[in-house]
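Please consult the sequence and the structure shown below while reading.

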Amino acid sequence: MRIGVVVEGQSEFTALPQLREQLCLETSTGSVKILRARYDPHARPERVVKACRSALRQLVGRRFDLAVVLIDRERQTKSPAAIAEELEAAFAAAEIGIPVAVVVKDRCFENWLVADLEALRRLTGRFEVSTGMVKAIEPDRADRADAHRLLKVATKGDAYGKVDDARRILEKATITHMAQHSRSFRCFLARLGHPRLQNGSCKPLSA
């Protein structure tokens, strides 16, 4: 299966390709392509669909099998499942020509980045992982953490950079570690066909 992943932020667009090889090896996906579209996570579903239309048409033209649109939950009070369901209905109604699944990052991309603290530990010159950070993230608490603040505090030297540091982290990260501590990342893996997550993403993956 060939899957296109549509993202809104530059950090996701730059960093997620670092996971491409792992994603293909660990899921049923033969090819993963990351595309960027500009949409507001708080916009009405119809506006999100409109903003993603060009990227989705690229996937249709290249005969991809599925599109996965990533969106931040941010400050929305609706559950990730409710947000995803509403957006998926809007994409289906638009009849773009490719099935579209929506995965809601809870609350944002940084929550996925902190889910693998071992990746940060490997970047010894850039990050220092404190005991407090461990308690905030593990076990399976990454989606509830103030991830951006934790990353800023853990950063050594120059201030945390959303794009460059995201790439550095995912260069060292493993998807199994990330899936141990972020349910929303497990939802992403499930959409890509991870065999151990087809019965649900509630429980963390074991190492």
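A residue is called buried when its relative accessible area is under 20%, exposed when it is over 50%, and partly exposed in between (1.4 Å probe, protein chains only). Helices (H or I, at least four residues) and strands (E, at least two) are DSSP runs, numbered from the N terminus. The model is predicted: local features need pLDDT of at least 70, side-chain atom pairs count only at pLDDT 80 or more, and totals for chains, interfaces and linings use all residues. Residues are numbered from 1 along each chain as its sequence is written, and side-chain values use heavy atoms, with hydrogens and water left out.

**Helix α3**

In α3, the buried residues are P45, V48, V49, C52, A55, L56 and L59. An α-helix has 3.6 residues a turn, so residues three or four places apart point the same way. The cover over the buried residues of α3 includes β1 (2–7), β2 (31–36), β3 (66–72), α4 (80–94) and β4 (100–105). At R53, α3 bends by about 50 degrees; the bend is the angle between axes fitted to the seven residues ending at a residue and the seven starting there. Just after α3, R63 has a positive phi of about 60 degrees.

Contact here means heavy atoms within 4.5 Å.

| Residue | Helix | Relative accessibility | Contacts |
|---|---|---|---|
| M178 | α10 (residues 175–181) | 1% | L19, W112, A115, D116, L170, A173 and F185 |
| N111 | α5 (residues 109–113) | 1% | D106, A142, D143, R144, A145 and A147 |

M178 counts as buried because its relative accessibility is 1%.

**The largest pocket**

Which helix gives the largest share of the lining of the largest pocket? That share, five residues, comes from α4. At least two lining residues are supplied by each of α4, β4 and α11 (183–191).
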